[in-house]
Amino acid sequence: MLKPVLAATALVALAGSSFAVAQHGFGGDRGFGDGRPRAEHRHRLSTTDMSAFADARIAALKAGLQLTPDQAKNWPPFEQALRDMVELRIARAQARQADVQQQPGTPFERLSQRADNMAKASTALKKIADAGTPLYQSLNDEQKNRFVILARMLRPHHGMHGDHEHGWRNG
């Protein structure tokens with residue numbers, strides 16, 4: 001009885017955040033024609049918000065999969081890999097906030113920093129793939145279909161995770 005209630009609660013919470021993400025797609029970065037920046041550009045998510053949304057998404061994925069006790073043994077390493085990626089994104093957001101006060105470096109300093117960030121993200125993604133493989137292989141076909149659908153919400157969305165690297169400008 002508790003699992004369906006948790007799953008429903010998590011999905012309702014995610015539906016609300018999905019609506020917020022969907023709103024980002026309309027009007028680009030210019031706002032709604034009134035000259036003001038769009039809401040997500042006026043208010044960036046705090047690191048606490050980023051962490052809370054990640055917790056909700058991870059909990060929704062787990063609840064939606066309805067893991068058996070044998071499958072649940074594969075969950076902790078996968079969850080930890082996901083949380084490590086979230087921590088990496090939060091650290092990068094904090095570093096960007098601190099860098100706002102400093103003068104931008106040369107284009108090549110920014111390019112080098114971007115390469116370092118990509119290497120760290122690559123390592124974190126590899127950990128997710130390595131930890132997720134045994135979990136995914138243990139799932140039945142219905143769970144695999146749910147995994148594919150529910151895992152989409154784990155991907156960062158432009159404007160929702162504070163990750164706004166654009167080439168030479170903010171690398």
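Predicted model: local features only at pLDDT ≥ 70, side-chain atom pairs only at ≥ 80, totals over all residues.
Close-up 1. The N-terminal end of α7 is capped by N140, which has a side-chain oxygen 3.0 Å from the backbone nitrogen of E142.

Close-up 2. A search of the whole structure finds three aromatic pairs, and one of them is formed by W75 and F78, whose rings are arranged edge-to-face, with 5.4 Å from centre to centre and 65 degrees between the planes. The angle counts as edge-to-face because it is over 60 degrees. Both W75 and F78 belong to helix α5, which covers residues 75–99, and they are three residues apart, about one turn of the helix. An α-helix has 3.6 residues a turn, so residues three or four places apart point the same way. W75 is buried, as its relative accessible area is 2%, and F78 is also counted as buried, with a relative accessibility of 4%.

**Close-up 3. An aromatic pair between helices α5 and α7.** F78 also forms an aromatic pair with F147, and this pair is tilted, with 5.9 Å between the centres and 45 degrees between the planes. F78 lies in helix α5, whereas F147 lies in helix α7 (residues 141–151), so the pair ties together parts that are 69 residues apart in sequence. F147 has a relative accessibility of 15% and therefore counts as buried, since the word applies to residues under 20%. Taken together, ring pairs link W75, F78, Y136 and F147 into a cluster.

Close-up 4. Five salt bridges are found when the whole structure is searched, and one of them joins R83 to D55, with the closest N and O atoms 2.4 Å apart. This pair links distant parts of the chain, as R83 is in helix α5 and D55 is in helix α3 (residues 47–65), and the two residues are 28 residues apart. R83 is partly exposed, with a relative accessible area of 27%, and D55 likewise counts as partly exposed, at 33% relative accessibility.

Close-up 5. E79 and R83 both lie in helix α5, where they are four residues apart, about one turn of the helix.

**Close-up 6. A salt bridge between exposed residues.** K73 forms a salt bridge with D70, and the closest N and O atoms of this pair are 3.5 Å apart. K73 is exposed, with a relative accessible area of 61%, and D70 also counts as exposed, with a relative accessibility of 54%.

Key
Residues numbered from 1 in each chain as written. Heavy atoms only, no water. Phe/Tyr/Trp six-rings, centres within 6.5 Å; stacked < 30°, edge-to-face > 60°. Buried < 20%, exposed > 50% of the residue type's maximum accessible area, 1.4 Å probe, protein only. Polar contact = N/O pair within 3.5 Å; in protein donor to acceptor, adjacent residues only side chain to side chain. Salt bridge = Lys/Arg side-chain N within 4 Å of Asp/Glu carboxyl O.
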